[in-house]
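Thanks, everyone. Please look at the sequence and the model on the screen. I will keep this short.

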Amino acid sequence: MKAVQITGWCARFIREQVQPGDICIDATMGNGNDTLLLSSLCGKDGHVFAFDIQEAALINTRKRLMEADAPQNYTLLLESHTNIEHYVDPGTVSCITFNLGYLPGGDHTKATHADTSIAALSKSLDLLQKGGLISLCIYSGGDSGFEERNAVLAWLKELNPHKYLVIRSDYYNRPNNPPIPVLIIRQ
Ligand SMILES: C[S@@+](CC[C@H](N)C(=O)[O-])C[C@H]1O[C@@H](n2cnc3c(N)ncnc32)[C@H](O)[C@@H]1O
């Protein structure tokens with residue numbers, strides 16, 4: 001197996017999950033890597049709603065989708081993911097991606113925060129269809145600090161085990177606050 005970065009690790013499960021025609025959400029669009037992955041997997045009959053609070057993220061993502069000749073199956077929203085429930089019906093979404101932290105190469109002060117991330121994650125649970133997946137990449141240390149990581153991990157620990165399966169992976173022997181990939185699966 002080749003060296004596995006966190007986004008590549010999560011992408012394996014996203015690829016297994018998303019089928020043509022599915023509705024998907026990228027809750028943290030950034031430079032559009034997850035938006036592009038979801039768009040290519042759900043295809044012309046599916047749809048991806050992608051959120052970010054920075055204009056730069058929409059510009060970068062639109063360019064990336066166009067260069068990749070992605071199907072016209074996406075809506076890019078300059079909007080906080082705390083408003084996620086206004087765009088899709090409960091119980092209809094196959095896959096939601098959260099990649100916490102700041103826009104790579106962008107403004108580090110406009111990073112995700114514990115309170116808004118947990119609000120959006122809570123709302124996302126209701127949007128998932130049965131068997132639906134939330135892929136969550138948690139970063140900490142450096143400009144990200146530890147508050148968001150600690151709050152999100154504490155929130156995950158309390159999720160009802162009869163309704164949600166939470167699988168946390170670890171880069172167990174890696175120093176310096178490695179990222180934490182988490183899968184939440186609605187039962
Ligand atoms: C780590 S980046 C995402 C990287 C992205 N997945 C990619 O492929 O490049 C995190 C993004 O979350 C965005 N963000 C921060 N707060 C947000 C909020 N409340 N709603 C939506 N996006 C937010 C930031 O602007 C930033 O672009």
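I will talk about the ligand and then the pocket around it.

This is a predicted model: local features need pLDDT of at least 70, side-chain atom pairs count only at pLDDT 80 or more, and totals for chains, interfaces and linings use all residues. Numbering starts from 1 along each chain as its sequence is written, and side-chain values use heavy atoms, without hydrogens or water.

Start with the ligand. Around it are 23 residues, and N31, N33, D52, Q54 and H81 come nearest. Near means a heavy atom within 4 Å. In that shell, eight residues are nonpolar, 11 polar and four charged. Here Ala, Val, Leu, Ile, Met, Phe, Trp, Tyr, Cys and Pro count as nonpolar, Asp, Glu, Lys and Arg as charged, and the others, Gly among them, as polar.

Now the atom pairs. A backbone N or O atom of N33 is 2.9 Å from a ligand oxygen. The side chain of S80 has an N or O atom 3.1 Å from a ligand nitrogen. For the side chain of N99, that kind of pair is at 3.3 Å. Polar contacts are pairs of N or O atoms within 3.5 Å.

Where does the ligand sit? In the largest pocket. A pocket is an open set of points on a 1 Å grid over the protein atoms alone, where a 1.4 Å probe fits, with protein on both sides within 12 Å along at least five of seven lines.

Terms used:
Polar contact = N/O pair within 3.5 Å; in protein donor to acceptor, adjacent residues only side chain to side chain. 1 Å grid on protein atoms, 1.4 Å probe; cavity = no way out; pocket = protein on both sides within 12 Å on 5 of 7 lines; lining within 4 Å. Sits in = over half its atoms within 2 Å of the grid points.
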